[in-house]
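Colleague: I am new to this structure and would like a close look at a single part of it. Please take one chain and go through it slowly.

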Amino acid sequence: MNQINLESKILQKIHDDKIKPKSFWYFFIKDFSLWGAVVLSIIFTSLSLAPIIFIFENLEIGFVKHLDQSPTNFYIHIIPYPFILFAIFFILIARFSWAKTKNGYKFEGKKVFAVSAIISLIFAILLNNFAVGKLLDDNFHDPVFDSYKSLHDRRMENWNRPDLGRYIGIVNNISTSSFTLSQKDIEYVIDFDNETPGMELIEVGESVRVVATIDEEQTIDACIILPYDQPSIHQKVRKIDSLKYVSRMKKQMKDECKQVIEMGRANFLKQKNI
Amino acid sequence: MSDEELVSASLKDQKYFGELVKRYEDKFGRFVRRKAALSKEDTEDLLQDIFIKIYLNLNAFDRNLKFSSWGYRIAHNETISWYRKKSIRPQINFEDYEEENFINNIKNDSLEDDFIEKFAKVELKEKVKLALDKLDEKYKNILILKYLEEKEYTEIGDILEIPIGTVSTLIYRAKKELKKYLTNI
């Protein structure tokens with residue numbers, strides 16, 4: 001190859017075609033945009049993970065056997081597919097944007113993926129402590145299938161069932177042995193005593209869930225009172241976790257309540273028929 | 001002047017870029033020819049494209065890299081684009097002495113079972129080109145960079161834009177594949 005020829009040919013072409021190096025800012029903005037995409041994707045991954053954490057924190061495992069549906073059906077329906085898909089999508093965007101940055105190729109894809117996932121998870125936990133998970137879950141509408149149910153909706157379906165001994169609502173009018181639970185326009189008077197697990201939650205304005213028995217005189221007697229919200233939001237009852245709490249409290253319960261908690265819906269209905 | 005200083009100077013005055021062309025014309029020329037049997041005219045056209053691309057992207061040059069690694073990266077990418085445009089599969093193209101260098105280098109960087117030793121020298125020379133041509137592009141590229149261009153792992157990583165860990169894995173797998181093809185030919 002003739003060196004003088006190629007060198008002068010290239011310089012001549014640069015001169016004739018008025019070729020100029022692309023500006024420094026072009027590359028700076030390109031790299032900056034890619035890092036921006038990484039940061040944004042991590043934020044969106046965190047926002048997608050926050051409702052997932054919120055939902056799994058509120059699984060109510062202790063009460064699955066009391067629901068109207070089979071546990072398998074319950075778990076299939078409770079999985080927040082849209083948020084899981086969003087999280088996967090955004091984390092992949094973060095991983096590939098990172099790889100496209102100037103020095104991104106030096107990091108292994110698996111490590112980039114893991115680091116993005118860990119950062120997103122930490123942010124998601126932080127966001128969830130500010131009730132962002134709940135907010136997103138409450139306000140999310142599935143634009144494609146319109147089949148997404150928020151935790152609030154599912155909880156209302158499962159707990160606004162006086163016929164099955166499950167109540168949900170806001171506490172008001174407290175007396176020494178009963179309180180009124182409001183659910184929209186309906187009010188239930190629920191009896192309790194000092195031994196009722198969760199009685200510390202009975203405060204005016206508090207949202208609670210209640211499992212109760214009904215006797216022949218239609219008196220509603222609370223077996224257990226549970227907080228409406230997840231423990232991390234509900235600072236006052238941080239230590240109350242449905243599963244652990246229920247199994248701990250079962251020991252203190254009246255026999256009929258134990259039966260309701262242990263035997264589940266079938267037994268409850270049987271008991272009710274009696 | 002170092003390559004890196006020439007890059008800075010080229011941004012102010014294009015005549016310095018001519019010096020970079022002079023320094024790398026032969027290296028890049030050999031590199032692209034090794035990857036394919038190109039005619040003199042095609043090689044010259046491709047080299048011109050490579051140097052113009054380098055000139056256009058001078059401001060993207062990362063001063064933490066060697067200029068040669070960055071330049072090889074552009075040469076590698078441009079060569080691939082060139083093949084894609086022409087819709088042809090590149091074929092390995094060695095000079096006789098290069099074949100011998102390749103065999104010696106791979107021998108020095110011995111595999112755990114020194115498979116290269118098992119072949120007679122003449123037999124090996126005949127087989128190695130055929131075997132390399134059968135290899136997947138990614139394996140072929142990495143073997144050329146390692147045993148013909150004699151690049152270090154870090155440089156190969158910078159040229160192919162892959163992590164160093166992946167470079168080691170690819171070299172290991174490429175040698176394994178090469179062994180398989182050499183044995184089967």
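What share of the contacts in chain B with a separation of 6 or more is between residues 24 or more positions apart?

Modeller: The share is 66%, counting contacts in chain B with a separation of 6 or more. This is a predicted model, and that applies to everything below.

Chain B itself comes first. Chain B has nine helices and zero strands, and along the sequence its pattern reads α-α-α-α-α-α-α-α-α. Of its 185 residues, 35% are buried.

Helix 1 of chain B covers residues 3-12 and packs against helix 2 of chain B at an angle of about 145°. The axes of the two helices are 8 Å apart, and the crossing of helix 1 of chain B past helix 2 of chain B is left-handed. On the side of helix 1 of chain B, the residues that take part are D3(B), L6(B), A9(B) and S10(B). They meet Y16(B), F17(B), E19(B), L20(B) and R23(B) of helix 2 of chain B. Sorted by class, this contact between helix 1 and helix 2 of chain B holds five nonpolar residues, one polar residue and three charged residues.

Chain A, the partner, contains a sheet. Its five strands form a closed barrel in the order 1-2-3-5-4, and the pairing is mixed. On average, neighbouring strands of this sheet are turned by 55° against each other, direction ignored. Strand 1 (residues 166-172) and strand 4 (residues 207-214) of chain A pair in the antiparallel sense over five bridges. Within that pairing, I170(A) stands opposite S207(A) of strand 4 of chain A. Helix 7 of chain A, residues 151-159, packs on the sheet and touches both strand 1 and strand 4 of chain A. The direction of helix 7 of chain A makes about 110° with that of strand 1 of chain A.

Conventions. Residues numbered from 1 in each chain as written. Chains lettered and ligands numbered in written order. Predicted model: local features only at pLDDT ≥ 70, side-chain atom pairs only at ≥ 80, totals over all residues. Pairing = 2+ DSSP bridges. Helix = DSSP H or I, 4+ residues; strand = E, 2+ residues; numbered from the N terminus. Axes fitted to C-alpha atoms, helices over the stretch in contact; angles between N-to-C directions. Contact = placed C-beta atoms within 7 Å. Left-handed = near helix turned anticlockwise from the far one by under 90°. Nonpolar A, V, L, I, M, F, W, Y, C, P; charged D, E, K, R; others polar. Buried ≥ 20, exposed ≤ 12 C-beta atoms within 10 Å, placed from the backbone.
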